[in-house]
Amino acid sequence: MNISRMLPAKTLCIISAIALYLATVTSITVGPMDISLVDSIKSLIPYDSGELPGHITMIVQQVRIPRTLLAIAIGGILALAGAVLQGLFRNPLADPGIIGVSSGASLGAAVAIVLFGGLAATYPLLMLMGTVPLFACLGGVLVTFIVYRLGTDQTGTSVTMMLLAGIAISAAANAGLGLLNYFADDQALRDLSLWTMGSLAGANIQTLYLAFATLAILFVTYLHDADKLNAMLLGEAEARHMGINVQNVKRRLIVLTAAGVGITVALAGIIGFVGLIVPHLARMMIGPNYKSLLPVSMLLGALLLLVADMLARTIVAPLDMPVGIVTALIGTPFFLWLLIKQRGRV
């Protein structure tokens, strides 16, 4: 990769980081309650309690900051997952939501919520950090391997088969979710209803630990395999000639990606299209080199989801719209445009 390509990538990283910082500062002032930027900043500093109303400090520190940070982590994870899936399948239509990975993860998490919902009151941390993410990861991994097997043969990956497999799996998962809703008790039904539309309202310190740990693991692992991903863009045969164990790399990255998506689904529900929009835009701006594509995608994904969450908090204020609805409204036209652009290949 020549220096002329590297400089725009670095510049885009800097611009994205600055934009993300500004969006983060803005996010702590956005919500149903009007809190000024000055008061929001004051609430972050040890301050005389008599100088600032206690409810302002509580809202900023316990609601807006965790929600803002969770949006950054989830957006980064989804964008990284989308970028890697598009590289593994070698087409820009691969997205955790579109090919059914999110649906499989959501069904796994819903099973955990319904079957082990009684543990939530006694062992809330076990449910939040253990049972639900585990089942979501298993569901995501299973679906990813099914889509991969159905869509791939000796000639490569078929976009048509991949999309059809994703549609079929999503339909089956939605049927399973409907069945679970039918049998769920009142508490589980409320949890499922909020969670299936995608929401960051449940952010807390425990979810932040898990989300940022997942983001760090994915980013470091993907960046370590960036050269392998670049080689696989040339074709699997070419990658094998370069000494890369293609099947081993594929299996490892597929499992890791599906597990990452499963954790995002467990923590925030189904949030679609971030993994489709962001890597494609980043690739258009800086090219396909994964050493540049991964950090840019992570920053842009965090920025996109944070902006979408701010819109969700303000569009129908004082109500809180699920952020999954906002990303769907943004992503659907983009996906249709991309599908039309790719229809000659499909």
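Predicted model: local features only at pLDDT ≥ 70, side-chain atom pairs only at ≥ 80, totals over all residues.

Colleague: Is Leu177 buried or exposed?

Modeller: Residues are numbered from 1 along each chain as its sequence is written, and side-chain values use heavy atoms, leaving out hydrogens and water. Buried means under 20% relative accessible area, exposed over 50% and partly exposed in between, with a 1.4 Å probe and protein chains only. Leu177 has a relative accessible area of 8%, so Leu177 is buried.

Colleague: Which residues does Leu177 touch, not counting those up to four places away in sequence?

Modeller: Leu177 lies in helix 7, residues 159-183; helices here are DSSP runs of H or I with at least four residues, strands are E runs of at least two, and both are numbered from the N terminus. Contact means heavy atoms within 4.5 Å. With that cut-off, Leu177 touches Ser106, Leu107 and Ala110.

Colleague: How many of the 15 residues of helix 4 are buried?

Modeller: Helix 4 covers residues 101-115. Its buried residues include Ser103, Gly104, Ala109 and Ile113. Helix 4 is mostly covered, and the number of buried residues is eleven.

Colleague: What is Ser103 in contact with, leaving aside neighbours within four places in sequence?

Modeller: Ser103 is found in helix 4 and counts as buried because its relative accessibility is 11%. Its C-alpha atom is separated by 5.4 Å from that of Ser170, 67 residues apart along the chain. The contacts of Ser103 are Ser170 and Ala173.

Colleague: At what angle do the axes of helix 4 and helix 12 cross?

Modeller: Axes are lines fitted to C-alpha atoms, for helices over the stretch in contact, and angles run from 0 to 180 degrees between N-to-C directions. The axes of helix 4 and helix 12 (residues 246-268) come within 9 Å, and they cross at roughly 55°.

Colleague: What does that make helix 4 relative to helix 12?

Modeller: Angles under 35 degrees count as roughly parallel, over 145 as roughly antiparallel, 65 to 115 as roughly perpendicular and the rest as oblique. The crossing angle of helix 4 and helix 12 is roughly 55°, and therefore helix 4 is oblique to helix 12.

Colleague: Which residues in helix 12 does helix 4 meet?

Modeller: From helix 4, the residues taking part are Val101, Ser102, Ala105 and Ser106. In helix 12, they meet Ala258, Val261, Gly262 and Val265.
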